Amino acid sequence: MASSRATGTAIMLQTKHRSWIYCLFVLVHLMSLPVLAKPDSLKEVTDGNWEEILTGEWMIEFYAPWCPACQQLQPVWKEFADWGEDMGVNIAKVDVTEQPGLSGRFIITSLPTIYHCKDGVFRKYQGARTKDDFLTFIHDQKWKAVEPVSSWFGPSSFLMNSMSALFKLSMFIRRCHNYMTEQLGIPVWGSYVIFGLATLFSGLVLGLLLVFIADFVFPSRRFSSPDYYQKKQTMEQARLIQQQEDEHEADGEEDDDEDEEEEDRDRDEVWRRRRGSPEGRPEPKGQGFSDEALRKRVLRSREEEEEDT
């Protein structure tokens, strides 16, 4: 009887001991499991999802990993992001080295750059870069005192879309340059020559394309007229006829000048003959005429010749 009781007591003690060991094992296992962290409140904006910031309220930081000032701001920005959900504000960041299109779309000229966006209206943050200043800027709505970005320079405008495409193209060219120089072993000057020839060729092709489009959309009325070539031929013939008439008139004037010069020479010869004898001796006294009389006789003879002709 006593032995059976002792055996039961030992079994109970062993069971309790095993229970404690099991509970301790479960507790250790649960403690070893990773704690479920809450979702990251800091969002990443890219060229593919940037249109999400056009709705709601956002605070966006543009940074680069190599920027010392950006590296100092990152811990503060993460702490500020933890408050974003409570304040109803989306906190985001943009890596300009990975998203060149957004860098051009927002014209980022210095790092870090912070923008506040409320329902598609953008304002540039110019205050201090501490968590309390960020919270005050949102809570007290200090962003209302900041002048918004003009719609002409807004990220969704045509101008900024063009800037974004230009920045993407520049980044693509840079990557091509790095690939040719680092992977293919092409010298730097060779890469520049290739890009220069490609730019020249693309410019020629684009210019020809624009000319064809312009001729197709706005054809010239002069060349499209059916009577254009007939009118052109008629005008050319008229011009040639006028040129021939001018030449004939010039020739006639030259002939008239030559005739007048010949008549003048004849008159001078008559004048000399009438003033002197045929042998060149002076005429006898009383038979000579004065210069005035001779001039009158010459003029009279000229008039008679003109009447005869």
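## The largest nonpolar core

Welcome to this structure, which is a predicted model. The largest nonpolar core has 19 residues, and those touching the most other members are Val-45, Ile-53, Phe-62, Leu-102 and Phe-106. Three elements, β2, β3 (90–95) and β4, each give two or more residues to this core. Strand β2 supplies the largest share, with four residues.

Leaving aside residues up to four places away in sequence, Ile-53 touches Val-45, Trp-58, Ile-60, Phe-106, Cys-117 and Phe-122. There is also a second, separate core of 15 residues, and Val-89, Ile-114, Tyr-125 and Phe-134 are among them.

## Phe-62 and its ring partners

Across the whole structure, a search finds nine aromatic pairs. One of the pairs joins Phe-62 and Phe-106: the ring centres are 5.0 Å apart and the planes stand at 50 degrees, so this pair is tilted. Phe-62 belongs to strand β2 (residues 57–63), while Phe-106 sits in the loop between α4 (100–105) and β4 (113–118), so the pair ties together parts 44 residues apart in sequence. Both Phe-62 and Phe-106 are buried.

Phe-62 has another ring partner, Tyr-115. Here the arrangement is edge-to-face, with 6.0 Å from centre to centre and 85 degrees between the planes. This pair also links distant parts of the chain, since Phe-62 is in strand β2 and Tyr-115 is in strand β4, 53 residues apart. Is Tyr-115 buried or exposed? Tyr-115 has a relative accessible area of 8%, under the 20% limit, so Tyr-115 counts as buried. For Phe-62 the relative accessible area is 1%, so Phe-62 is buried as well.

## A cluster of rings

Which residues do ring pairs link into a cluster? They are Trp-77, Phe-80, Tyr-125, Phe-134 and Phe-137.

## Transmembrane regions in the record

An unreviewed UniProt entry places the feature "transmembrane region" at residues 20–37, 152–171 and 192–218. What does the model show for residues 152–171? That span is 70% helix and 0% strand, and its end C-alpha atoms lie 24 Å apart.

For residues 192–218, the chain is 96% helix and 0% strand. The end C-alpha atoms of residues 192–218 are 38 Å apart.

Note on methods:
Residues are numbered from 1 along each chain as its sequence is written. This is a predicted model: local features need pLDDT of at least 70, side-chain atom pairs count only at pLDDT 80 or more; totals for chains, interfaces and linings use all residues. Side-chain values use heavy atoms; hydrogens and water are left out. UniProt positions are given in the numbering used here, feature names are shortened, and annotations may be inferred rather than shown by experiment. Rings of Phe, Tyr and Trp (its six-membered ring) pair if their centres lie within 6.5 Å; planes under 30 degrees apart count as stacked, over 60 as edge-to-face and the rest as tilted. Buried means under 20% relative accessible area, exposed over 50%, partly exposed in between (1.4 Å probe, protein chains only). A nonpolar core is a set of buried Ala, Val, Leu, Ile, Met, Phe, Trp, Tyr and Cys residues joined through side-chain atoms within 4.5 Å. Contact means heavy atoms within 4.5 Å.
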